[in-house]
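User: I would like to go through this structure with you. Could we begin with the terms and then turn to the details?

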Amino acid sequence: MRSFFALVFWICGCIWFDVSTIPALMLLLLLKNWFVKWITGPSSHTVTDEYDMASDDEDDDDKEKEEKKTIKERLQAIQEVSQTVQNTIGYLASLGESVKK
């Protein structure tokens, strides 16, 4: 079974691999990382030399606001992102077809 999947993977790689797919794969990796950071929010684990009490209070307020997000708001945000990604992919496909012609 493992040999079968290796053969199928090898054939698909030989058919569809092109040097131009490497930047596309790197772009997909960057978009995935951006999407994950956008959904999870910025990291709150930053190292600073000075400890500022006022900014710490503001961080607590921000965390409370983030926790109050409902599931509906999160789903709306995911839908907006998926629509943006779909429109971008459509634009890139259109651009690719124009270049091919």
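Analyst: Buried means under 20% relative accessible area, exposed means over 50%, and partly exposed lies in between (1.4 Å probe, protein chains only). By that definition, 1% of the 101 residues of the chain count as buried.

User: What kind of model is this, and how are residues numbered?

Analyst: This is a predicted model, in which local features need pLDDT of at least 70 and side-chain atom pairs count only at pLDDT 80 or more, while totals for chains, interfaces and linings use all residues. Residues are numbered from 1 along each chain as its sequence is written, and side-chain values use heavy atoms, with hydrogens and water left out.

User: How many helices and strands does the chain have?

Analyst: The chain has four helices and zero strands, where helices (H or I, at least four residues) and strands (E, at least two) are DSSP runs numbered from the N terminus. The order from the N terminus is α-α-α-α.

User: What span should helix α2 have?

Analyst: Helix α2 comprises 20 residues (residues 21-40) and should span 28 Å at 1.5 Å a residue; the expected span is 1.5 Å times one less than the number of residues. The end C-alpha atoms of α2 are 28 Å apart, which agrees. Just after α2, Gly-41 adopts a positive phi of about 90°.

User: Which residues does the "transmembrane region" annotation cover?

Analyst: According to an unreviewed UniProt entry, the "transmembrane region" covers residues 6-31. UniProt positions are given in the numbering used here, feature names are shortened, and annotations may be inferred rather than shown by experiment. In the model, residues 6-31 are 85% helix and 0% strand, with end C-alpha atoms 28 Å apart.

User: Changing topic: how many aromatic pairs are there?

Analyst: The structure holds two aromatic pairs. In one of them, Trp-34 and Trp-38 are stacked, at 6.4 Å centre to centre and 20° between the planes. Rings of Phe, Tyr and Trp (its six-membered ring) pair if their centres lie within 6.5 Å; planes under 30 degrees apart count as stacked, over 60 as edge-to-face and the rest as tilted.

User: Why are Trp-34 and Trp-38 separated by about one helical turn?

Analyst: Because they are four residues apart in helix α2. Trp-34 is partly exposed at 47% relative accessible area, and Trp-38 is partly exposed at 37%.

User: Finally, how many disulfides are found?

Analyst: Zero disulfides are found in the whole structure, a disulfide being a pair of cysteine sulfur atoms within 2.5 Å. The cysteine sulfur closest to that of Cys-12 is in Cys-14, 9.4 Å away, which is too far for a bond.
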